[in-house]
Amino acid sequence: MGETVLPNTTFLHPTFFILMGIPGLGGAQAWLTLVFGPMYLLALLGNGALLAVVRIDSKLQQPMFLLLAMLAATDLGLAMSIAPGLLAILWLGPRPVPYAACLAQMFFVHALTAVESGVLLAMACDRAVAVGRPLHYPILVTKARVGYAALALALKAVAIVVPFPLLVARFERFRAKTISHAYCAHMAVVELVVGNTRANNLYGLALSLAVSGVDILGITGSYGLIAHAVLRLPTREARTKAFGTCSSHICVILAFYVPGLFSYLTHRFGRHTVPKPVHILLSNIYLLLPPALNPLIYGARTKQIRDRLLETFTFRKGLF
């Protein structure tokens with residue numbers, strides 16, 4: 001399936017790489033399409049439906065739902081960056097990917113992951129203002145400021161992720177053309193490089209800790225303010241209602257960070273104890289599980305979206 005590489009053989013600027021999928025599983029890889037196929041379908045339909053509902057219904061074009069639309073658009077982009085190639089590899093076997101396309105996938109996967117983490121932080125800040133200062137919420141959180149936040153998150157992601165493909169592109173020689181992964185992850189490509197990859201390793205580690213660390217600290221701080229505001233409410237009913245407005249967001253945060261943290265820890269500290277196929281499987285689950293779950297969480301737990309979706313489907317059904 002892969003190519004045989006002789007000792008001391010290197011490749012000068014390969015025109016393509018070969019993505020191997022999840023090595024070690026052999027023919028069992030095809031069965032994973034039964035897992036990742038439905039995930040991709042849910043991500044496409046669910047996030048597409050959310051974007052359509054927010055676009056169509058003027059009542060939903062408010063800051064909270066615009067942030068949700070940003071999350072849905074990011075999830076849609078992330079799923080489309082990973083899933084088609086992953087499913088093709090699982091079903092048809094290893095496949096070639098052009099060198100430039102590999103670097104482009106590397107950029108989009110890492111950039112969209114950074115954007116998603118930033119959107120979750122923005123949503124936490126939105127909930128903190130809504131619960132802590134409800135009377136000032138319409139003034140402090142506006143559609144224009146949501147637009148500025150979206151632009152800032154996109155520019156930040158581009159600025160911090162562009163070095164990934166550039167740090168790889170500076171190398172001229174590679175040990176092999178086969179990437180033992182299902183997509184062009186930065187570190188999976190770096191493993192093939194002939195040369196000093198210290199800068200790649202340090203930047204990858206620093207970026208993971210800085211982006212996720214800062215966003216997690218911001219989310220934790222926001223929920224600290226929310227908890228403080230909720231506990232000051234006079235009645236249990238008011239506290240329950242205030243907390244209920246945040247429950248969907250908490251579920252989404254857990255769906256994004258828990259698999260991500262587990263994947264990161266097994267990659268960094270379990271390299272010699274956790275089999276490589278498990279690393280690769282976890283990284284793909286981390287990227288595809290949130291886009292599949294987020295629309296279900298918000299569709300089921302957010303009354304305005306649930307009612308609008310039901311109204312749309314009931315109307316369509318009545319036409320037939």
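Predicted model: local features only at pLDDT ≥ 70, side-chain atom pairs only at ≥ 80, totals over all residues.

Analyst: Strand 2 and strand 3 pair in the antiparallel sense, over four bridges, and within this pairing Phe-17 has Val-97 of strand 3 as its bridge partner. On strand 5, strand 2 (residues 16–19) finds a parallel partner, with two bridges between them: Ile-18 is bridged to Thr-178, and Leu-19 has Ile-179 as its bridge partner in strand 5. Strands of a sheet pair through backbone hydrogen bonds, in either the parallel or the antiparallel sense. Taken together, the three strands form an open sheet in the order 3-2-5, with mixed pairing. Strand 3 (95–98) and strand 5 (178–179) are the edge strands, each with a single partner strand, so one side of each is left without a neighbour in the sheet.

Helix 3 is the element that lies across strand 2, strand 3 and strand 5, and it runs at about 85° to strand 3. The link of Cys-102 and Cys-184 is left-handed, with -120° about the S-S bond. Because Cys-102 belongs to helix 3 while Cys-184 sits in the loop between strand 5 and helix 7 (186–190), the pair ties together parts that are 82 residues apart in sequence. A search of the whole structure finds one disulfide.

Helix 3 (residues 99–132) also packs against helix 10 (residues 276–301), at an angle of about 35° and with the axes 12 Å apart; the crossing of helix 3 past helix 10 is left-handed. On the helix 3 side the contact is made by Val-109, Thr-113, Glu-116 and Met-123, and on the helix 10 side by Tyr-286, Leu-287, Pro-290, Asn-294 and Tyr-298. Sorted by class, the contact of helix 3 with helix 10 comprises six nonpolar, two polar and one charged residues.

In an unreviewed entry, UniProt lists several spans as "transmembrane region", among them residues 30–53, 98–125 and 278–298. In the model, the span 278–298 is 100% helix and 0% strand, and its end C-alpha atoms lie 30 Å apart. For residues 30–53, the end C-alpha atoms lie 35 Å apart, and the span is 88% helix and 0% strand.

Terms used. Residues numbered from 1 in each chain as written. Heavy atoms only, no water. Axes fitted to C-alpha atoms, helices over the stretch in contact; angles between N-to-C directions. Left-handed = near helix turned anticlockwise from the far one by under 90°. Contact = heavy atoms within 4.5 Å. Nonpolar A, V, L, I, M, F, W, Y, C, P; charged D, E, K, R; others polar. Pairing = 2+ DSSP bridges. UniProt positions renumbered as here; feature names shortened; annotations may be inferred. Disulfide = S-S within 2.5 Å.
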